[in-house]
Amino acid sequence: MARANAVYYGGRDPLGRAGDFITAPEISQMFGELIGLWGADLILRAGAASAAYVELGPGRGTLAADARRAMARAGLELPVHFVETSPVLREKQRAALPAAHWHDVINTLPTDRPLLIVANEFFDALPIRQYTRTARGWRERMVADGRFTLGTAECADAIPLPLADAPLGAIVERNPAAEAIMAALAARLAAQGGALLAIDYGYEGPLAGDTLQAMANHIHVDPLEAPGTRDLTAHVDFGMLAAVARTHGARPSPCVTQGAFLTALGIDARAQALARANPAQAGAIETARHRLVAPQAMGRLFRVLAVRHPDWPEPAGFA
Ligand code: SAH
């Protein structure tokens, strides 16, 4: 999955109508603006104007550009740091935000200041492992010769305790890369100050289930077919990420739906203001708002988790 996604993202811009999938910041400027105001509010209340803005997997840089514009109106101009591996997407990001700094990995992010970290549809692109319960114990589900096969080693140690007695055939997923990144960033937030906002398809585990999926041209396709040519994702276990963050000294918020989060941040008022300023676009603005918050669209499937320094004030949007 890691190799397939590295090839996939390394060679193309998959976003948008003409690509394989569309993301919230590409649907409407309201998404990035509200996240920018969310961050500005938190930073100002924490008295941390020396912070850096960090984005993990920033795509075309659209969210960052919208967030920066909104933060600037609140009087905050933060340096921008992007963690991005795709050369093609880095070029798009450079066009959107020429003054940004790029990183291949999180280790090189600044250590001397608080960090405001945003990750939209980043954790879902990291490689998962899958385990299945067999009559002989827990076995890793692996891929060989283009098909799923089972490993022979006992893998009970990888299974969260509440799932140890899952029924035969149950599939349990772990995302070691996501857990390691959350662990390292939570430790950074605890040491340097700051907050991380993660938004993704997801659930609050521990829960069993196979969520590996592939998208091409906006439809679901076989994840094992044509590796490197389609986007592979898995739903994010926000229960696990919150637990990892807590273990490493940061404080997690409750996990809320994207619909509840954006509504609490004022997306209705923002949509009305945009529609008043652009009456010809009123229909399109309402369609975008609905897509972002409606339960049958992105409003319920997408979840939001914030993690912060334990002494930082409570972030908006989670009440
Ligand atoms: N956040 C953007 C893009 C989401 S697509 C948006 O909402 O539109 C996933 C992004 O993560 C892409 O920018 C991809 O290149 C990047 N990415 C995937 N795996 C990565 C990795 N291991 N390290 C850094 N970036 C990665």
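A nonpolar core is a set of buried Ala, Val, Leu, Ile, Met, Phe, Trp, Tyr and Cys residues joined through side-chain atoms within 4.5 Å. In this predicted model, the largest such core has 49 residues, and those with the most contacts inside it are W38, Y53, L197, F261 and L292. Helix α3 (residues 29-46) supplies the largest share of this core, namely eight residues. Another core, of 32 residues, lies apart from it and includes A119, L189, A198 and V307.

In soluble globular proteins, nonpolar side chains tend to be buried together.

Helix α5 (residues 87-96) has L89, R90 and Q93 as buried residues. Viewed down the axis of α5, the buried residues fall within an arc of 105°, so they line one face of the helix. The face turned away from this buried side carries P87 and A95, which are exposed. The cover over the buried residues of α5 includes α1 (2-10), β2 (80-83) and β3 (101-103).

The ligand has 16 residues around it, of which T23, G57, G59, E84 and N120 come nearest.

| Residue | Protein atom | Distance to a ligand oxygen atom |
|---|---|---|
| T23 | side-chain N or O atom | 2.5 Å |
| G59 | polar backbone atom | 3.1 Å |
| E84 | side-chain N or O atom | 2.5 Å |

Taken alone, the ligand exposes 570 Å², and the protein buries 90% of that area.

Methods. Residues numbered from 1 in each chain as written. Predicted model: local features only at pLDDT ≥ 70, side-chain atom pairs only at ≥ 80, totals over all residues. Heavy atoms only, no water. Buried < 20%, exposed > 50% of the residue type's maximum accessible area, 1.4 Å probe, protein only. Helix = DSSP H or I, 4+ residues; strand = E, 2+ residues; numbered from the N terminus. Arc of directions from axis to C-beta. Contact = heavy atoms within 4.5 Å. Near = heavy atom within 4 Å. Polar contact = N/O pair within 3.5 Å; in protein donor to acceptor, adjacent residues only side chain to side chain. Areas by Shrake-Rupley, 256 points an atom, 1.4 Å probe, with all protein chains shown as cover.
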